[in-house]
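Here is a short tour for anyone opening this model for the first time. Keep the viewer handy and follow along.

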Amino acid sequence: MPDNPLWNPANPFVVWTYAVVYASVFGYLGYLIWRYQRNK
Amino acid sequence: MQLARSDQTSRLDGLTLGILGLGVVGAVVGFFMAMTAPPDQSQGFVARIFHVHVPTAWMAYVASFAALGYSVAYLVRRKSHHDRVAAASVEVGLIFMALALLTGMLWARPTWGVYWDWEPRLTTTAILFAIYVGYVVVRGAIEDPELRAKAAAGVAILGSINVPISYMSVRWWRSLHQTQSIDLTTGRINVDTAILIPMLVNLAAFTLLFIGLVRLRSIIAARQAAREEV
């Protein structure tokens, strides 16, 4: 189904979803490590 | 497994690093498995949002129960460590709750046609998010550590009541949101194995990340408390 946006593997909703989830989780992990190191 | 030991020092221990490392590797593996999962019959590749939406929503529920457990433990045993872990669970849980709401909205737009609808599952999840924002506000507003811990524990206990309501809302009041993919009340799995497995890998990875993040956040809080005591 080439014309259906739901069948586009690079659908912007999918791209944004993964970008937001991984950036938030790894970003928060990085922030906590930075806070830990700063107060060492 | 305890999220954090009661004799926890303010040093980053090997177990926390190991859990976080495994969680990061699991999340990378889960990402590649999700990107190679077959498309859904009706939703096509947009259904790949499922592989992160369900794990983030589950983590929000897990965080709520963790906060409940440690809040009750604090009220019974009055150890500040339990209060710190409850607060860390809520903080990490808020991130997963926000992500569950956001990924749900990004999934709703191409499939329902709207980002948001005040239907039962979305409304109860939004209420849950608001309650835990309230938890953070309560902690910030009270200076006395004992009173702060008691008030926060009360909010966490009350907030957790909303979790089973939110979970069952898709069955009690059938609306836009689909029913559970894995129904814990009947044990029935409503998705195909090829789509289920990447989601389960992400669920395991996010669980490890949740435990590791709560432990790390508790260590930072313990260091802060020790410094304030000096």
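## Where the two chains meet

The contact between the chains draws 26 residues from chain B and 23 residues from chain A. Two residues are in contact here if their C-beta atoms, placed from the backbone, lie within 7 Å. On the side of chain B that touches chain A, α2 (50–77), α3 (80–112) and α7 (193–229) each supply at least two residues. The largest share of that side, 8 residues, comes from α3(B). By class, the side of chain B that touches chain A has 18 nonpolar, 4 polar and 4 charged residues. Nonpolar covers Ala, Val, Leu, Ile, Met, Phe, Trp, Tyr, Cys and Pro, charged covers Asp, Glu, Lys and Arg, and the others, Gly among them, are polar.

A word on the model: it is predicted, local features need pLDDT of at least 70, side-chain atom pairs count only at pLDDT 80 or more, and totals for chains, interfaces and linings use all residues. Residues are numbered from 1 along each chain as its sequence is written, while chains are lettered from A and ligands numbered from 1 in the order in which they are written.

## Chain A

Chain A has 1 helix and 0 strands. Helices (H or I, at least four residues) and strands (E, at least two) are DSSP runs, numbered from the N terminus. Along the principal axes, the C-alpha atoms of chain A fill a box of roughly 55 × 10 × 10 Å. Of the 40 residues in chain A, 18% are buried. Buried means that 20 or more other C-beta atoms lie within 10 Å of a residue's own, exposed means 12 or fewer, and partly exposed is in between, with C-beta atoms placed from the backbone.

## α2 and α3 of chain B

How do these two helices run? The axes of α2(B) and α3(B) come within 7 Å and cross at roughly 160°, so the two are roughly antiparallel to each other. Axes are lines fitted to C-alpha atoms, for helices over the stretch in contact, and angles run from 0 to 180 degrees between N-to-C directions; over 145 counts as roughly antiparallel, under 35 as roughly parallel, 65 to 115 as roughly perpendicular and the rest as oblique. The residues of this contact divide into 19 nonpolar, 9 polar and 2 charged.

Now look at B:P55, which is found in helix α2 of chain B. B:P55 counts as buried because it has 28 C-beta neighbours inside 10 Å. Leaving aside neighbours within four places in sequence, B:P55 is in contact with B:M199, B:N202, B:L203 and B:F206. By contrast, B:R78 sits in the loop between α2 and α3 of chain B and counts as exposed, with 12 C-beta neighbours inside 10 Å. Phi of B:R78 is near 55°, a positive value in a residue other than glycine. Most residues other than glycine have a negative phi.

## α4 of chain B

Helix α4 (residues 120–141) of chain B has 22 residues and reaches 31 Å from its first C-alpha to its last, close to the 32 Å expected at 1.5 Å a residue. That expected span is 1.5 Å times one less than the number of residues. Among the buried residues of α4(B) are B:L122, B:L128 and B:Y132. What covers the buried residues of α4(B) includes α2, α3, α5 (145–160) and α6 (162–172) of chain B.

α3(B) and α4(B) pack at an angle of about 150°, with their axes 10 Å apart. The residues of their contact divide into 14 nonpolar, 3 polar and 1 charged.
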